[in-house]
Amino acid sequence: MSKTKVLLVGAAGETGGSIANGLLENPIFELYALVRPRSVQKPAIVSLQDRGMQIRRCDLKGPEESLTEALEGIDVVISCVGPAEQQDQIPLAKAAKRAGVKRFVPCGFITVAPPGGIMWLRDEKETVYNHVKQLRLPYTIIDVGWWYQLSYPRLESGRADYAMTSANNEIVGDGNTPMGLTDLRDIGRYVARIIDDERTLNKMVYAYNTVKTQNEIYDLLEEISEEKIQRNYIPEESVYTRVLAARQSSETYPFDPVKFIPRYLAEYQLSWGIRGDNTPENAKYLGYLIAKDLYPDFRPVDFRDYLETVVRGTAKGVYTDRMVSKVHQRAFPRTESTDSLYTRIFPRTESSDSLYMR
Ligand SMILES: NC(=O)c1ccc[n+]([C@@H]2O[C@H](COP(=O)([O-])OP(=O)(O)OC[C@H]3O[C@@H](n4cnc5c(N)ncnc54)[C@H](OP(=O)(O)O)[C@@H]3O)[C@@H](O)[C@H]2O)c1
């Protein structure tokens, strides 16, 4: 039987890396990565090539003809682009339609939330989904829980710092809102199942591993680490204030990271922390299929096992390739008050502080 040819956009990224691993483990797929020319020599791409991935050089922002060429012969396209690049998937979807792609997986991989004004990032994705549907391009939308890797707070001893993106030291509201969690490494294994399944064609799928509240996460980490973790509760009103301030500030230049990062972080807190959007029950209500129902034999990474590796010092951090330089860290030192990815991905600036750290 011939293999399913899958082309991945964003293979050097965090979600893309997980998906590349999940698909490379499975011999039914022949894997291609669409990589922009400037990134072809990235260590992550070189290492994927060594493992059998083929490269098609192309930039999503390039001419549509070159995108169509890059998709020639491809059965499934999976996109994992970052927040600022969601609209760049529209030409990709058009090219996929022209190239006769049989299934398009746009960049979902976000937590569950209803469209239409709760989260800017969600709505960016929904705009792409609407274009896909207007093209009548066969699709599957895959969403996931909050990554295990971003879910736990810092330990006072500093033992977990090596794996952390930020101090993550805020409990939203009373900390009792349940949310779905997924180990980043499981995403690719779920995707391998989902794209080989007729039941998921033209459907949304929610792939979560477990449901926990923030208080439960703190309790578990305290038990494993035998350290007391200070609980810094952020009242609901403060979350709304942050959301409003970040929305106002990002109105003029919504694609400036200094504007959109504080906005989507505040809106995430609103969505999963206050509204409780990111649960399997809500996903079902919104029309998602649930990966646990589809694949009852799937064995995800256990959350406790994951936290034990964090405390032991053997977990792998995320976004470590985007750490700000030591010089920047000296200029913009991290503080305990930040709960954002912001310090790691982009150095903090006065304007971002005043927006977000109010
Ligand atoms: N559930 C959660 O907890 C959670 C957490 C974080 C993110 N997410 C979601 O996951 C999605 C992916 O985020 P991520 O953090 O995994 O992404 P990421 O690590 O920033 O990677 C993005 C990838 O997109 C590629 N790309 C961007 N523009 C491109 C272009 N013009 N042409 C070709 N390739 C391009 C980049 O290529 P280069 O290598 O060339 O730069 C990079 O490999 C996001 O949209 C977000 O919604 C979810």
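Which residue just after H7 takes a positive phi? Glutamate 226 does, at about 60 degrees. The model is predicted: local features need pLDDT of at least 70, side-chain atom pairs count only at pLDDT 80 or more, and totals for chains, interfaces and linings use all residues. Residues are numbered from 1 along each chain as its sequence is written.

**View 1. The protein has 15 helices and 13 strands.** Helices (H or I, at least four residues) and strands (E, at least two) are DSSP runs, numbered from the N terminus. Of the 358 residues, 43% are buried. A buried residue has 20 or more other C-beta atoms within 10 Å of its own, with C-beta atoms placed from the backbone. Contacts join residues whose C-beta atoms, placed from the backbone, lie within 7 Å. Among contacts between residues at least 6 apart in sequence, 77% join residues at least 24 apart.

**View 2. Helix H7 spans residues 214–225.** Its 12 residues reach 16 Å from first C-alpha to last, close to the 16 Å expected at 1.5 Å a residue. The expected span is 1.5 Å times one less than the number of residues. Gln214, Ile217 and Leu221 are buried in H7. Seen down the helix axis, the buried residues fall within an arc of 55 degrees, so they line one face of H7. The arc is that of the directions from the helix axis to the C-beta atoms. These buried residues pack against strand E8 (171–172), strand E11 (210–212) and helix H12 (303–312).

**View 3. Three strands form an open sheet in the order E7-E9-E11.** Pairing in this sheet is mixed. Strands pair if DSSP finds at least two bridges between them. Strand E7 (146–147) and E11 stand at the edges with a single partner strand each, so one side of each has no neighbour in the sheet. E9 (residues 179–182) and E11 run antiparallel, joined by three bridges. Methionine 179 has lysine 212 in E11 as its bridge partner.

**View 4. The largest nonpolar core holds 91 residues.** Such a core is a set of buried Ala, Val, Leu, Ile, Met, Phe, Trp, Tyr and Cys residues joined through C-beta atoms within 7 Å. Val6, Leu8 and Val77 touch the most other members. Helix H9 (residues 257–275) gives the most to this core, with eight residues. Beyond its neighbours within four places in sequence, valine 6 has contacts that include Leu23, Phe29, Tyr32 and Ile195.

**View 5. The ligand is surrounded by 28 residues.** A residue counts as near if its C-beta atom, placed from the backbone, lies within 6 Å. The closest are Gly10, Gly13, Glu14, Thr15 and Ser39. Helix H1 (14–24) and E7 each give two or more residues to this shell. H1 gives the most, with three residues.

Conventions:
Buried ≥ 20, exposed ≤ 12 C-beta atoms within 10 Å, placed from the backbone. Contact = placed C-beta atoms within 7 Å.
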